[in-house]
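This report is meant for a reader who is meeting the structure for the first time. Please look over the sequence and the model before reading on.

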Amino acid sequence: MLDEKEVVSRVLRGDVRAFESLVKQYERLIFYVIHRLVKDDHAAEDICQEVFIKVHKSLERFNFQSRLSTWIARIAYLTAINYLRKYNREKASEYPDDIENYHFTADSPEQLLTKKDTANYVEQLILQLPEKYRTVLTLFHLNEFSYLEIEEITGMPEGTVKNYLFRARKLLKEKLEVYLKDEVL
Amino acid sequence: MKEMNDDELQQWFEHKPQLPENDSLDKDAKTYRTLFEALDKEPEKGLPYDFSTKVVRRIQAETKRSNDLKFTLIACALFIVAIAVACFALSVSNPAQESSLLKFKWVLLLLPIVFIAIQYFDQKLIREKIFRHKHNG
């Protein structure tokens, strides 16, 4: 387990090996957030690098008020959002206000192949969800952040985080139900 | 297990450290169980094994570039100060020569500015592009 205070003070003293160990510790966390939000494998690695460069530049401002992982995840989240805004990959209008009426795209042959594996199928469905839903699902399930930490990372109120998480899972469950029924038949 | 709605089922699965066996669950609960397992599963995709090395290399290169730029700025500032001191010394010791030196004042001032601009564009734009291309392939 990484001793946050020790690593941060070593990095601030200019120890690059300490920073390398910090990168190794959090690279998966960052990649999950970036990969799920940006949905572009080629851009994901570059954005992950940008995140760690920002972490390195602003580490002296980290005041240990939260876990280091929460602070880094916030930088990753904001970097991904800025990237999406800059390249206009997703427009808010593409998604309905009422997520209950959300429709996933028809299954492509590629998606039909991935259906063989439930986890891959769910992953494909998650990537079709609106950005906020993908964010809360990823932070809660893959990064294991609490509701309060997700609030700190995204700036969304705790109630909204819970609401998005519940609605996203209900939507995925309904789609998965059909898939599991098809699989049995 | 009593019948639970979606909200209750989700809360139940969130707080269960160990997911229960399928035999004891109804249809909705079984689907949620499968969903929670899939959501908790880490994606197969990931970053390359040498990602941390690449990041460190990039940070070292950026630090070097920033130090080089600082050195250039300091060198130019010293050059301007030296010219100013020379002009002042000349005006005190030999006022007749002062006007001939003042004729070249813009050239002398422009020299360090052009030098800084070249260094800036070389480091910020060209080398950065080459470095990114080299390391992100």
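How many of the 185 residues of chain A, as a percentage, count as buried? The share of chain A that counts as buried is 30%, and this figure, like every other in this report, belongs to a predicted model.

## Chain A as a whole

Chain A holds nine helices and zero strands, and its elements, read along the sequence, follow the pattern α-α-α-α-α-α-α-α-α. Among the contacts in chain A that have a separation of 6 or more, 62% are accounted for by residues 24 or more positions apart.

The mean pLDDT of chain A is 85, with 82% of its residues reaching 70 or more. Among the elements of this chain, helix α5 (residues 109–114) of chain A has the lowest mean pLDDT, at 54, while helix α8 (residues 147–154) of chain A has the highest, at 94.

Chain A is divided into domain 1, which covers 1–89, and domain 2, which covers 92–185. Where these two parts meet, 12 residues of domain 1 of chain A are in contact with 14 residues of domain 2 of chain A. On the domain 1 side, the elements that give two or more residues are α2 and α4 (68–87) of chain A, and the residues of that side divide into seven nonpolar, two polar and three charged.

## Two loop residues with positive phi

A:Lys39 lies in the loop between α2 and α3 of chain A, and although this residue is not a glycine, its phi is positive, at about 60°. A:Lys39 is partly exposed, because 16 other C-beta atoms lie within 10 Å.

A:Phe64 is placed in the loop between α3 and α4 of chain A, where its phi, near 60°, is again a positive value in a residue other than glycine. Is A:Phe64 buried or exposed? A:Phe64 counts as exposed, because it has 10 C-beta neighbours inside 10 Å and the cut-off for an exposed residue is 12 or fewer.

## Helix α7 of chain A

Because 10 of its 12 residues are buried, α7(A) is largely enclosed by the rest of the structure. Its buried residues include A:Tyr133, A:Arg134, A:Thr138, A:Phe140 and A:Leu142. Just after α7(A), A:Glu144 takes a positive phi of about 55°.

## Where chain A meets chain B

The contact between the chains takes 33 residues from chain A and 25 residues from chain B. On the side of chain A that touches chain B, the elements that give two or more residues are α2 (16–38), α3 (41–58), α6 (118–128), α7 (131–142) and α9 (158–184) of chain A. Of these, α2(A) gives the most, with 10 residues, and by class this side of chain A has 16 nonpolar, five polar and 12 charged residues.

A:Tyr32 is found in helix α2 of chain A, and this residue counts as buried because it has 21 C-beta neighbours inside 10 Å, where 20 or more are required. Leaving aside its neighbours within four places in sequence, A:Tyr32 is in contact with A:Thr138, A:Leu142, A:Asn143 and B:Pro43. A:Tyr32 and A:Ala76 are 44 residues apart in sequence, while their C-alpha atoms are 9.9 Å apart in space.

## Chain B

Chain B has five helices and zero strands, and from the N terminus on its elements run α-α-α-α-α. Of the 137 residues in chain B, 9% are buried. Among the contacts in this chain between residues at least 6 apart in sequence, 49% join residues at least 24 apart.

Helix α2 (residues 27–40) of chain B has 14 residues and reaches 20 Å from its first C-alpha to its last, which is close to the 20 Å expected at 1.5 Å a residue. The buried residues of α2(B) are B:Thr31, B:Tyr32, B:Thr34, B:Leu35, B:Ala38 and B:Leu39. Seen down the axis of α2(B), these buried residues fall within an arc of 160°, and therefore they line one face of the helix.

Note on methods. Residues are numbered from 1 along each chain as its sequence is written. Chains are lettered from A and ligands numbered from 1 in the order in which they are written. This is a predicted model: local features need pLDDT of at least 70, side-chain atom pairs count only at pLDDT 80 or more; totals for chains, interfaces and linings use all residues. Two residues are in contact if their C-beta atoms, placed from the backbone, lie within 7 Å. Helices (H or I, at least four residues) and strands (E, at least two) are DSSP runs, numbered from the N terminus. Ala, Val, Leu, Ile, Met, Phe, Trp, Tyr, Cys and Pro count as nonpolar, Asp, Glu, Lys and Arg as charged, and the others, Gly among them, as polar. The expected span of a helix is 1.5 Å times one less than its number of residues. The arc is that of the directions from the helix axis to the C-beta atoms. pLDDT is the predictor's confidence in each residue, from 0 to 100. Domain bounds come from an automatic or database domain assignment.
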